[in-house]
Each structure stands twice: as structure tokens, then as C-alpha cells.
Amino acid sequence: VQLQASGGGLVQAGGSLRLSCATSRRYATAWFRQAPGKEREFVAGIAYGDSTTEYGDAVKGRFTISRDNANNVVYLQMGSLKVEDTAVYYCAVRSPGRASIRTSGTEYSYWGQGTLVTVSS
């Protein structure tokens, strides 16, 4: 399983950024993030079959997860960014056959390399 995450960068507070996670096929996919000195945090997830989505409380209403089924790319559109959104963002997928979203990172078998998002004030 190969995951390629991209799209991170430096953005001012209030701005927007879109992350991409390219995979070899469709999976139940999630984005997590980890800020320095903090625990890994669930950001958003999208299920395998019906593309049900779920969001962490910190990003609800500001971030949107979506999938391009034709190209097996999952996007995380981030808006109204805050300084506290600064973190390394990871995409992760569950094993084939596990279609639903889980908010625990232990439920995800494969992880991308991470992409840094820095939000300046």
C-alpha cells in the first residue's frame, strides 16, 4: 500500500490550504495531525463505500474531506485556519475490507509520510 501526502505549507491565519493523499486504490481514509509536544489527533475521515465523513471537534465546520474516486485521491480542504492548526498532517488508510471510519490511529494500518502545515498569526 502506497500513500503519498502533499499540499502542506505556510499560510496566514484565516487562510486556506488543501492537502492531498494519493493511494493505489480506494480505502477508508483519515487525516490525523500531530503538533510538537502533543498527541496525535484525528482530524477527518471518509468511509470506503458510501463516503460517509466524520470530523474531529476542533475542525468541524472549517475542514472538509472528500475523495476523487476516479483517481483514488483523498483531499482535506482546510479553511479559516488558526495558529493551533499548525502540525504535521498524516493520511492513513485502513486495511482492505475495513470500510468504516475510526477515530483511533491504531485502527489504521498504513500511513503516509506526513506533510507540515504552518499557520502564522
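Predicted model: local features only at pLDDT ≥ 70, side-chain atom pairs only at ≥ 80, totals over all residues.
Hi everyone, let's start inside the protein. In soluble globular proteins, nonpolar side chains tend to be buried together. Here the largest nonpolar core has 25 residues, and those touching the most other members are Trp31, Val43, Phe63, Leu76, Met78 and Tyr89. Several strands supply at least two residues each to this core, among them β1 (3-6), β3 (17-23), β5 (41-46) and β11 (115-120). The top contributor is β9, which gives 4 residues.

Take Met78 as an example. Leaving aside residues up to four places away in sequence, Met78 touches Gly15, Ser16, Leu17, Leu19, Arg62, Phe63, Tyr89 and Val117. There is also a second, separate core of 7 residues, including Phe42, Ala47, Ile101 and Tyr108.

Now for the cysteines. How many disulfides does a search of the whole structure find? It finds 1, and that bond joins Cys21 to Cys91, with an S to S distance of 2.2 Å. Cys21 sits in strand β3 and Cys91 in strand β9, so the bond ties together parts that are 70 residues apart in sequence. The torsion about the S-S bond is about 65°, so this disulfide is right-handed. Cys21 counts as buried, at 0% relative accessibility, and Cys91 is buried with a relative accessible area of 0%.

Last, have a look at Thr29, in strand β4 (residues 29-34). Is Thr29 buried or exposed? Its relative accessibility is 1%, and because buried means under 20%, Thr29 counts as buried. The Thr29 side chain reaches the backbone oxygen of Tyr27 at 3.0 Å. Beyond four places in sequence, Thr29 touches residues including Ala44, Ile65, Val93 and Tyr108.

Definitions and conventions: Residues numbered from 1 in each chain as written. Heavy atoms only, no water. Buried < 20%, exposed > 50% of the residue type's maximum accessible area, 1.4 Å probe, protein only. Polar contact = N/O pair within 3.5 Å; in protein donor to acceptor, adjacent residues only side chain to side chain. Contact = heavy atoms within 4.5 Å. Core = buried A, V, L, I, M, F, W, Y, C linked by side-chain atoms within 4.5 Å. Disulfide = S-S within 2.5 Å.
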